[in-house]
Amino acid sequence: FLLRQLTTPTPRFAPGPPTHWLLGNLLSFPTKSAWFPLTELSRKYGELVSFRGLGNNVLVLNSLEAINDLLDRKGSNYSHRPELVFCGELMGVNQGIPMLMYGPEWRMQRKMAASGLNSAAIRKYIPIQEDLAALLAQKLLDTPEDFFSHVRLTAGRIVVAVTYGFPVSEIDRLYIDHAEETMVLVGKATVPGNFIVDFFPFLKHLPSWVPFIKLAAHGRDMVSKLVTEPYEHVKRNVSQGIARPSVTEQLLRTFDQTPENEHHIKWSMGSLYGAGAETTYATTLIFMMAMALHPDKQRKAQSEIDTVLGHGHIPRVEDAPRLPYVCAVIKEVMRWKPVLPLSIARRTGDADQYRGFDVPANSFVIPNVWAIAFKPCEKYDPQSFIPERFLDDEITVEDPALWAFGFGRRICPGKALAENSLLALLPSLLAQFDVSPIEGCPIEPAFKEDLISYPEPFKVRIVPRSSEAEEMIRTRTAACSFV
Ligand code: HEM
């Protein structure tokens, strides 16, 4: 033992907060809104910051270069996910793409998701996204004060419509309520530390009457229902020849219905709602907050739409290339408050070395994209909402398309669909509504501290820009074919 101790070189870890001889420095790892303190630490220690202790290693990556070097170029070693016992194993969420370990099952589900969600395949869903944007406008016209729930419903409807092809009435009845209830539990369960079994996995063997085991079993039933029922529904519709186009329908027609393929299709499709609805919802809410706080930027974007497309025209996804300022607003929304500020954590398979530092096997690897979004810039203050930074040839700002959707082999498979959703929703809101603060009710930007950081409740005034805009909304809604 002594010989091994003497001959094994001491590992060289990336810098980090001071370590204690027994506990290391893991206790210095921030738990609440970790992206703020981690970004502060990056200013002190650099692009790589490490934490370790009690057998755990965490490496935080604070630059796009370091993230791409490891998560992209060394993707075969850096594409595992940390294991969460409660959510993954006990609730069964680890059977779907986001939490699946890197390996053949994950590869198969990714292949299926990619075949239905690549940029060519998703073009056929644009009319549905535009119809759902029109239905959102109608709801905002009738009950603007409920904009949080209208936006949430719209984001969910888009993902369900594309995944399963259900019309709006069936989506709401068959899916959304149950999905929302399930996501509340999944949301709690993905925060490490909320359930002690994540730190002490042997506790998973406790008897079924123990409250957290009972809760996990209930969660497992909810998750199973969420992925199984809509899948069975589409399968029945396909066999009766009445299925509407959707990713699931396409997969059922493409792949033989062996038990393995059925499992892959069911779970790859079943994970899209959780991954796709909340992120689109959060981004749209942040857009509304930004517009209310920055009326000058809102007016400038509206004036671009009026000038380029003419009054009375609701922007369509295909109009985006003609609306550079509006596109810069969308990029700035994603940069100003990234909805996944620490992306989604990875885990290493084998031990590795990077820039002369040791990265042990089984390390947590955290891409701190907040540090990229808030990289110091002399010309434009990173804290301020300034879409112009994306149109300035004199400086380089990393486009959120390069970091907001993740990296390498695990990059978000819904990226193209999500980008189209934002192009269907946000420009049309700009063209039709004015969003402003309510007098006596100032907006204090505050955000959830969970994995997805969406705004805490805030109030805004949402009114049609003119009586012509109101008329336009009603006419467009009446023309929706996807209901
Ligand atoms: C604004 C909207 C969205 C944002 C910002 C976003 C962002 C992300 C990020 C950062 C990841 C982690 C990737 C990594 O580990 O490197 C991810 C994963 C994922 N996203 Fe998205 N996403 C969005 C919308 C969507 C949509 C609409 C869908 C599906 C229809 C979707 C499906 C997924 C799935 C299945 C994963 C897991 C991928 C894997 O682990 O292999 N996302 N997303």
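The legends below describe close-up views of a predicted model.

View 1. Helix α13 gives the most to the shell around the ligand, with six residues. There are 26 residues around the ligand, and those that come nearest are A275, G276, G406, C412 and G414. Two elements, α13 (272-293) and α17, each give two or more residues to this shell. Sorted by class, the shell holds 16 nonpolar, eight polar and two charged residues.

**View 2. The position C412, marked in the UniProt record.** An unreviewed UniProt entry places the feature "binding site" at C412, and C412 is also among the residues that come nearest to the ligand. The residue is found in the loop between α16 (369-373) and α17 (415-432). Is C412 buried or exposed? C412 is buried, because 20 other C-beta atoms lie within 10 Å of its own, and 20 or more is the number that a buried residue needs. When residues up to four places away in sequence are not counted, C412 touches F405 and G406, and G406 is itself named among the residues that come nearest to the ligand.

**View 3. Helix α10 and the helices it packs against.** Helix α10, residues 211-239, has 29 residues and reaches 42 Å from its first C-alpha to its last, which is close to the 42 Å expected at 1.5 Å a residue. Along α10, the residues A216, G219, V223, L226, V227, P230, Y231 and V234 are buried. Which helices do the buried residues of α10 pack against? The partners are α5 (85-90), α8 (147-164), α9 (168-189), α11 (247-254) and α12 (259-270). After α10 comes G241, whose phi is positive, near 70 degrees.

View 4. In soluble globular proteins, nonpolar side chains tend to be buried together. The largest nonpolar core of this model has 130 residues, of which L61, F86 and M288 touch the most other members. Helix α13 gives the most to this core, with 13 residues.

View 5. G274 has its place in helix α13 and counts as buried, because it has 25 C-beta neighbours inside 10 Å. Although G274 and T182 are 92 residues apart in sequence, they are 9.1 Å apart in space, C-alpha to C-alpha. Leaving aside its neighbours within four places in sequence, G274 is in contact with M183 and V186. K188 has its place in helix α9 and is partly exposed, because 15 other C-beta atoms lie within 10 Å. K188 and L451 are 263 residues apart in sequence, yet their C-alpha atoms are 9.4 Å apart in space.

**View 6. The loop that holds A446.** A446 lies in the loop between β7 (433-437) and β8 (460-464), and it counts as exposed because it has 10 C-beta neighbours inside 10 Å. The C-alpha atoms of A446 and P457, which are eleven residues apart along the chain, are separated by 8.3 Å. With neighbours within four places in sequence left aside, A446 is in contact with P455 and E456.

View 7. Most residues other than glycine have a negative phi. What is the phi of S343? Phi of S343 is near 50 degrees, a positive value in a residue other than glycine, and phi of R355 is likewise positive, near 50 degrees. S343 lies in the loop between α15 (324-336) and β3 (346-347), while R355 is found in the loop between β4 (352-354) and β5 (357-359). S343 is buried, because 25 other C-beta atoms lie within 10 Å, whereas R355 is exposed, because it has 11 other C-beta atoms within 10 Å.

Terms used: Residues numbered from 1 in each chain as written. Predicted model: local features only at pLDDT ≥ 70, side-chain atom pairs only at ≥ 80, totals over all residues. Helix = DSSP H or I, 4+ residues; strand = E, 2+ residues; numbered from the N terminus. Buried ≥ 20, exposed ≤ 12 C-beta atoms within 10 Å, placed from the backbone. UniProt positions renumbered as here; feature names shortened; annotations may be inferred. Contact = placed C-beta atoms within 7 Å. Near = placed C-beta within 6 Å. Nonpolar A, V, L, I, M, F, W, Y, C, P; charged D, E, K, R; others polar. Expected span 1.5 Å × (residues − 1). Core = buried A, V, L, I, M, F, W, Y, C linked by C-beta atoms within 7 Å.
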